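I am opening a notebook on a structure that is new to me. The entries below keep to what I looked up, one topic at a time.

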Amino acid sequence: MTSNIVIQEYLSAGKRLTPLKGKIPKLKKWTIQEVSDEKILSHNGNIGMVIQDGFLVLDVDPKNGGEKSFEKLQDLLSKDLIPTVETPSGGRHYYMTLPNEFKSVSFRKTLEKEFKGIDFLTTGSQCVIVSSSTNKKLYEWTNGGLKEHEAPIELLEIYAKDYRSDPNISDLGDFEGLISGSSSWTDQQVLDLLSKLDPSMPNDEWVRVGMALHDH
C-alpha cells in the first residue's frame, strides 16, 4: 500500500493521481477522470501520477538497455540530469518541467533506435509514484523528496516531433542551395544531401525538396 505521507506530498505539489492495479490504471478514462483525494488515500494498492501539461518524466529502464542509452543521451546534454525516483528494477525516473516555449510541442515517447530502454513521458502518460511497489520492492526517492528540474533544451529538441529553436532555420541544411538554384550540384552530391535530411521534418519542407529535385 502506498504511503499516505508520500501521497500527500504529490497532492500538495498539485499532481493528479490515479489508482493502479500493479502498474496499470484501474480506471478506463484515467487520463481525464479526476479522483478525489479521499479515494486516492483509501486505495489499497499502487498509485500512478497522471502527467499533465508542462511536466515530463524521463523513465530509464536498465533491463532494456536503458543505462547505455542514458550515457549516450547524457553526453549530448550541457548539464547532468538529476534523478528523482529509483525504481524496483534499478532504473530511475527524472521529474522535469518544460520551458514555456516547449509547452505546446508534441514529443515522441520513445526513440528505440537511438535510445533503447528510455521512455519520454509527457501529457497522456502516467508513472508509478514513490512507495508503490513491484515484487515487494519499493519506488524510492533518490534525493529525499519530490524535486523537479527544468529540462535541458537539447533533451527536448531530441524528442520533439517538430521543433526549431530558431523558426527562421529549416531542417534542409545544405539542401537549401539546390532549392534556391544558387548552386550547381552533381547527381551524387544531391544523393549525399538527401541522405542527411531528417525523415521527420515538416511536410512543407519535403514539398520544397520534391520541387527542387524536379527542377534538378
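**Ground rules.** I am working with a predicted model, in which local features need pLDDT of at least 70 and side-chain atom pairs count only at pLDDT 80 or more, while totals for chains, interfaces and linings use all residues. Residues are numbered from 1 along each chain as its sequence is written, and side-chain values use heavy atoms, with hydrogens and water left out.

**The whole chain.** I looked up the secondary structure and found 7 helices and 12 strands in the chain; helices (H or I, at least four residues) and strands (E, at least two) are DSSP runs, numbered from the N terminus. Of the 216 residues, 42% count as buried, where buried means under 20% relative accessible area, exposed over 50%, and partly exposed in between, with a 1.4 Å probe and protein chains only. The chain exposes about 12,300 Å², of which carbon and sulfur atoms supply 48%; such areas come from the Shrake-Rupley method with a 1.4 Å probe, and for residues only the protein chains shown count as cover. I also looked up contacts, meaning heavy atoms within 4.5 Å: among those in the chain with a separation of 6 or more, 74% come from residues 24 or more positions apart.

**The open sheet.** In what order do the 4 strands of the open sheet lie? I read the order as β2-β1-β3-β8, with antiparallel pairing, and two strands are taken to pair if DSSP finds at least two bridges between them. The edge strands are β2 (24-25) and β8, each of which pairs on one side only. As background, strands of a sheet pair through backbone hydrogen bonds, either parallel or antiparallel.

**Strand β1.** I followed β1 (residues 16-21) to β3 (residues 47-50), and the two antiparallel strands are joined by 4 bridges. Across this pairing, R16 stands opposite V50 and L17 stands opposite M49. Towards β2, which also runs antiparallel to β1, I noted 2 bridges, and K21 has I24 as its bridge partner there. β1 and β2 form a hairpin with 2 residues between them, and G22 in that turn has a positive phi of about 70°. β1 is mostly covered, since 5 of its 6 residues are buried.

**R16.** Not counting residues up to four places away in sequence, R16 touches W30, T31, I32, Q33, E34, G48, M49, V50 and Q52. I also checked Q126, which is 110 residues from R16 along the chain, and their C-alpha atoms are separated by 9.7 Å.

**S131.** This residue lies in the loop between β8 and β9 (133-134), and although S131 is not a glycine, its phi is positive, at about 80°. I set beside this that most residues other than glycine have a negative phi. S131 has a relative accessibility of 14%, so S131 counts as buried.

F115 is placed in the loop between β6 (92-97) and β7, and at 4% relative accessibility F115 counts as buried. Leaving out residues up to four places away in sequence, F115 touches S69, K72, L73, L76, I158 and Y159. K79 sits in the loop between α3 (66-74) and β5 (85-86), and K79 counts as partly exposed because its relative accessibility is 41%. Apart from neighbours within four places in sequence, K79 is in contact with Q74, E150 and P152.

**The largest pocket.** Last, I looked up the largest pocket, which has a volume of about 580 Å³. Of the 27 residues that line this pocket, the closest to its centre are K23, D59, D61, H93 and Y139. On a 1 Å grid over the protein atoms alone, a pocket is an open set of points where a 1.4 Å probe fits, with protein on both sides within 12 Å along at least five of seven lines, and lining residues have an atom within 4 Å of a point. Grid points are joined across faces, edges and corners, and the volume is the space filled by probe spheres set on the points. The lining divides into 9 nonpolar, 10 polar and 8 charged residues, where Ala, Val, Leu, Ile, Met, Phe, Trp, Tyr, Cys and Pro count as nonpolar, Asp, Glu, Lys and Arg as charged, and the others, Gly among them, as polar. I noted that β4 (55-60), β7 (118-121) and β8 (126-128) each supply at least two residues of this lining.
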